[in-house]
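Hello,

Here is the structure I promised to pass on. My notes follow below it.

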Amino acid sequence: VGINAINNKTGSSYRATVMRHEVAQTSWSGAYNRRLVYDSFFLGGEWNPVLNTEVRLTASGYIGDQVDASNPYKFNARSLVFEARYRLPLNYSVGYGRNFYRNLTTYRNKTNVQSVAVHFNTVSLRKDYDGGWYSIVQYADSVDTAVSTVPVLTAKAGHQISFRVAKDFSF
């Protein structure tokens, strides 16, 4: 079930979606069958708080179970994303994004719980061209932390610089 609301005067839009998923999977070798049952949600809003500025805020997640007698577990994940873009003269724009994601998995053996947390930041410069073409240079950094009840903590960090060229086919 999804609901979308758009204000044509301000350009603001808001979305809410809830879905039920039932997934059955058999490995190619036939070694296992897996059945997942979970609910997911998405909430989002996009608006222009001041001239030349776009802001987007989204929250999504899922909660469910693997209903496999040999290895049942529960999972619960959430993601929160903030994005902002400011339009500069000469068809340029700068952007910033921040994403926080957390996933908690609980296995049949209650002493085995896994938690993954990811923080992700991006800064970008975009140039728009005629005909819907645009290019983006983007810098991103992230920290990925995984914790398990087995006393192991792993933290990984990364940095990325990317360049891409794309075309917008909007009508």
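**Surface and overall form**

The protein chain exposes about 11800 Å², and carbon and sulfur atoms supply 61% of it. Accessible areas come from the Shrake-Rupley method with a 1.4 Å probe, and for residues only the protein chains shown count as cover.

Please note that this is a predicted model: local features need pLDDT of at least 70, side-chain atom pairs count only at pLDDT 80 or more, and totals for chains, interfaces and linings use all residues. Residues are numbered from 1 along each chain as its sequence is written, and side-chain values use heavy atoms, with hydrogens and water left out.

The protein chain has 0 helices and 9 strands. From the N terminus on, the order of elements is β-β-β-β-β-β-β-β-β. Helices (H or I, at least four residues) and strands (E, at least two) are DSSP runs, numbered from the N terminus.

The C-alpha trace spans about 60 × 35 × 35 Å along its principal axes. The radius of gyration of the protein chain is 21 Å, whereas a compact globule of 171 residues would have one near 16 Å. That radius is taken over C-alpha atoms, and the globule rule is 2.2 Å times the number of residues to the power 0.38.

Of the 171 residues, 26% count as buried. Buried means under 20% relative accessible area, exposed over 50%, and partly exposed in between (1.4 Å probe, protein chains only). Among contacts with a separation of 6 or more, 42% join residues 24 or more positions apart. Contact means heavy atoms within 4.5 Å.

**The largest pocket**

The largest pocket has a volume of about 500 Å³. Of its 23 lining residues, the closest to the centre are Arg-56, Glu-83, Ala-84, Arg-85 and Ser-124. A pocket is an open set of points on a 1 Å grid over the protein atoms alone, where a 1.4 Å probe fits, with protein on both sides within 12 Å along at least five of seven lines; lining residues have an atom within 4 Å of a point. The volume is the space filled by probe spheres set on the points, and grid points are joined across faces, edges and corners.

Five strands each supply at least two lining residues: β4 (53-66), β5 (73-88), β6 (92-107), β7 (113-128) and β8 (133-148). The largest share, 7 residues, comes from β6. The lining divides into 8 nonpolar, 7 polar and 8 charged residues. Ala, Val, Leu, Ile, Met, Phe, Trp, Tyr, Cys and Pro count as nonpolar, Asp, Glu, Lys and Arg as charged, and the others, Gly among them, as polar.

**Individual residues**

Thr-53 lies in strand β4. It is buried, because its relative accessible area is 13%. Not counting residues up to four places away in sequence, Thr-53 touches Trp-47, Asn-48, Arg-85 and Tyr-86.

Asn-52 sits in the loop between β3 (33-47) and β4. Its phi is near 70°, a positive value in a residue other than glycine. Most residues other than glycine have a negative phi. Asn-52 is partly exposed, at 36% relative accessibility.

Leu-90 is in the loop between β5 and β6. Leu-90 also has a positive phi, near 65°. Leu-90 is exposed, with a relative accessible area of 67%.

Val-113 lies in strand β7 and is partly exposed at 22% relative accessibility. Val-113 and Tyr-129 are 16 residues apart in sequence, and 49 Å apart in space, C-alpha to C-alpha.

Best wishes
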